[in-house]
Amino acid sequence: MLKLGVIEPSTSSYASPIVVVRKPGGSNRICVDFRKLNKITVFDPEPMPKPEQIFSKLKGDQYFSTFDVTNGYWQVPMTDEDKEYMAFVTQRTTPI
């Protein structure tokens with residue numbers, strides 16, 4: 001991910017551990033365990049619409065699509081001020 005420019009080196013005072021999660025297809029997903037950070041951040045919920053509200057908007061539609069959002073979170077922009085909190089640590093076997 002570093003070589004792809006998805007992540008960058010950091011000197012943040014915050015750091016969360018990574019965890020490797022096995023996906024149903026057998027491949028691995030690299031995740032960041034933000035549980036400790038979540039405990040000290042302000043909860044700002046965005047209301048989730050009820051399924052009935054979502055499906056009622058589809059009434060009369062003929063065409064539907066599904067998308068594979070592989071690496072979708074890599075495409076979510078992050079403000080510079082938030083990058084400090086999103087830092088994570090991992091073991092490296094080779095220098096950057």
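**Entry 1: salt bridges**

I searched the whole structure for salt bridges and found 3. The model is a predicted one.

I took Glu8 and Lys83 to begin with. Glu8 forms a salt bridge with Lys83, and their closest N and O atoms are 3.9 Å apart. I then looked up where the two partners sit. Glu8 is in the segment before β1 and Lys83 is in helix α3 (residues 80–83), so this pair ties together parts that lie 75 residues apart in sequence. I checked exposure too. Glu8 counts as exposed, at 53% relative accessibility. Lys83 is partly exposed, at 32%.

Next I turned to Asp80. Asp80 forms a salt bridge with Lys83, with 3.3 Å between the closest N and O atoms. Both residues belong to helix α3; because they are 3 residues apart there, about one helical turn separates them. Asp80 counts as exposed, with 64% relative accessibility. I noted that salt bridges with shared partners join Glu8, Asp80 and Lys83 into one network.

**Entry 2: Asp33**

Then I looked up Asp33 and Arg35. They form a salt bridge, and the closest N and O atoms are 2.7 Å apart. I also found a polar contact of 2.7 Å between the side chains of Asp33 and Arg35.

Is Asp33 buried or exposed? I found Asp33 buried, with a relative accessible area of 19%. The cut-off for buried is under 20%, so a value of 19% passes.

I located Asp33 in the loop between β2 and α1 (35–40). I listed its contacts, leaving out residues up to four places away in sequence. Asp33 touches Ser16, Pro17 and Val19.

**Entry 3: the sheet**

I traced the strands next. In what order do the 3 strands of the open sheet run? I read the order as β2-β1-β3, with mixed pairing. The edge strands are β2 (28–32) and β3 (88–89), and each pairs on one side only. I followed β1 to β3: they pair in the parallel sense over 2 bridges. Here Pro17 stands opposite Val89 in β3. Pro17 had already turned up among the residues that Asp33 touches.

**Entry 4: a nonpolar patch**

I found a nonpolar patch of about 840 Å². Met1, Leu4, Val6, Val20, Ile30, Tyr73, Trp74 and Val76 make it. I picked out Val20 from this group. Val20 is in strand β1 (residues 16–22). Val20 is exposed, with a relative accessible area of 53%.

Key:
Residues are numbered from 1 along each chain as its sequence is written. This is a predicted model: local features need pLDDT of at least 70, side-chain atom pairs count only at pLDDT 80 or more; totals for chains, interfaces and linings use all residues. Side-chain values use heavy atoms; hydrogens and water are left out. Patches are made of residues with over 30% relative accessible area and no salt bridge: like charges are joined within 9 Å, nonpolar side chains (Val, Leu, Ile, Met, Phe, Trp, Tyr) within 5 Å. Accessible areas come from the Shrake-Rupley method with a 1.4 Å probe; for residues, only the protein chains shown count as cover. A salt bridge is a side-chain nitrogen of Lys or Arg within 4 Å of a carboxyl oxygen of Asp or Glu. Helices (H or I, at least four residues) and strands (E, at least two) are DSSP runs, numbered from the N terminus. Buried means under 20% relative accessible area, exposed over 50%, partly exposed in between (1.4 Å probe, protein chains only). Two strands pair if DSSP finds at least two bridges between them. A polar contact is a pair of N or O atoms within 3.5 Å; within protein, one must be able to donate a hydrogen and the other to accept it, and residues adjacent in sequence count only if both atoms are side-chain atoms. Contact means heavy atoms within 4.5 Å.
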